[in-house]
Amino acid sequence: MAVPKKRTGHSAQGKRRANWKATKPETTICSNCGEPVLTHTVCTACGHYKGEPVSLKDKKVEVKEEKKTAKKATKKSTKKAEAKVEEVKEEAVEETSEEVKEEEKEDKSVEE
Ligand SMILES: [Zn+2]
């Protein structure tokens with residue numbers, strides 16, 4: 001393992017670090033929307049590359065989410081609707097049976 005012969009002084013350290021520079025990323029202007037775009041990459045603003053639409057990721061995701069929510073909503077709504085219908089039927093059956101019993105009682109009392 002290489003071992004430094006002498007301690008690096010503050011001056012040498014500073015001179016070495018003076019050459020560390022942040023380089024500006026090379027960009028071009030999007031031919032579709034005019035936004036600055038990294039070279040050889042799809043435009044992040046409009047999804048175009050070389051003037052052609054490439055990425056429709058955001059749009060697809062939106063559509064999928066809408067479909068999912070719609071499906072869920074319809075399933076839930078249909079289930080709820082079915083449950084409501086069943087409840088209503090049960091209530092109707094109970095009401096009709098009670099009415100029938102009452103009518104039978106009235107008939108019996110009239111006959112007597
Ligand atoms: Zn663009």
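Trainee: Is His40 buried or exposed?
Mentor: This is a predicted model, in which local features need pLDDT of at least 70, side-chain atom pairs count only at pLDDT 80 or more, and totals for chains, interfaces and linings use all residues. Residues are numbered from 1 along each chain as its sequence is written. A residue is buried if 20 or more other C-beta atoms, placed from the backbone, lie within 10 Å of its own, exposed if 12 or fewer, and partly exposed in between. His40 has 8 other C-beta atoms within 10 Å, so His40 is exposed.

Trainee: Where is His40 found?
Mentor: His40 is not a glycine, yet its phi is positive, about 60°. Strands are DSSP runs of E, at least two residues; helices are runs of H or I, at least four; both are numbered from the N terminus. His40 is found in the loop between β2 (36-38) and β3 (48-49).

Trainee: Is Lys50 buried or exposed?
Mentor: Lys50 also is not a glycine and has a positive phi, about 55°. It sits in the loop between β3 and β4 (52-53). Lys50 has 9 other C-beta atoms within 10 Å, so Lys50 is exposed.

Trainee: What pattern does the chain follow along the sequence?
Mentor: The chain has two helices and four strands. Read along the sequence, the pattern is α-β-β-β-β-α.

Trainee: Among contacts between residues at least 6 apart in sequence, what percentage join residues at least 24 apart?
Mentor: Two residues are in contact if their C-beta atoms, placed from the backbone, lie within 7 Å. Of the 112 residues in the chain, 2% are buried. For contacts joining residues at least 24 apart, among those at least 6 apart, the value is 0%.
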